Amino acid sequence: MKLDFPTLYIVILLNSIGFALVWALIAFSYRSLHAARYWLAALVMTCLSGPALVLGDGWPLLLYVGNVLVIGSFAVIWQGVRVFYGQAPTWHWVALIVAVSVGAMILFGSSQAANNIIFALGQIVAVALAIATLLSAGRRHLGAWLAAAAGGVLIVG
């Protein structure tokens, strides 16, 4: 069975648009819930990555932009988790994750297999950091465990 990537990207894009609308309503309705703004920003980044990934089939630069947006969106989700728990966002870590990913893409740019690993590792690092934040001492509530489990499924996938 061959996977139809354009259809997959469109489904992910529509899903992201739907969730972005929900988080936009939450962010504007509950202005004191600052983490919602981060999660909204991450979903907007995901929405922007979809067209870049679909259109990037013949344009490698668009593929890189799309994948960097996805990696960045996971890092911004992690920042939202930090803010939700009353911690300051650590933008220098976001910049480092993205910069290392971009540097590795430049270094191994001619190898699609290497780039796939780079894209996956960039996402895994950000998700693993979000899981670590969710499960840090004193924050082990049912919602944190469920979100961490979802992150674990994402990493395994």
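Student: How are helix 3 and helix 5 oriented relative to each other, and why?

Tutor: Two packed helices are described by the angle between their axes and the distance between the axes. In this predicted model, helix 3 (residues 60-84) and helix 5 (residues 112-134) pack at about 5°, with axes 8 Å apart. They are therefore roughly parallel to each other (angles under 35 degrees count as roughly parallel). Being a predicted model, it needs pLDDT of at least 70 for local features and 80 or more for side-chain atom pairs, while totals for chains, interfaces and linings use all residues. Residues are numbered from 1 along each chain, and side-chain values use heavy atoms, without hydrogens and water.

Student: Which residues of helix 3 meet helix 5?

Tutor: Among them are Val70, Phe74 and Trp78 in helix 3, and the partners in helix 5 include Phe119, Gln123 and Ala126. Contact here means heavy atoms within 4.5 Å.

Student: How do I read a pocket, and what volume has the largest pocket?

Tutor: Rolling a probe the size of a water molecule over the atoms shows where empty space is left. The largest pocket here has a volume of about 1700 Å³. Of its 49 lining residues, Thr46, Val70, Phe74, Gln123 and Leu154 are the closest to its centre. Helix 5 gives the largest share of that lining, twelve residues.

Student: Is serine 16 buried or exposed?

Tutor: Serine 16, in helix 1, has 6% relative accessibility, so serine 16 counts as buried (under 20% relative accessible area, with exposed being over 50%, and partly exposed in between, using a 1.4 Å probe and protein chains only). Beyond its neighbours within four places in sequence, serine 16 is in contact with Leu43, Thr46 and Cys47.

How values were computed. Axes are lines fitted to C-alpha atoms, for helices over the stretch in contact, and angles run from 0 to 180 degrees between N-to-C directions. Helices (H or I, at least four residues) and strands (E, at least two) are DSSP runs, numbered from the N terminus. Angles under 35 degrees count as roughly parallel, over 145 as roughly antiparallel, 65 to 115 as roughly perpendicular and the rest as oblique. On a 1 Å grid over the protein atoms alone, a cavity is a set of points where a 1.4 Å probe fits but cannot get out, and a pocket is an open set with protein on both sides within 12 Å along at least five of seven lines; lining residues have an atom within 4 Å of a point. Grid points are joined across faces, edges and corners, and a volume is the space filled by probe spheres set on the points.
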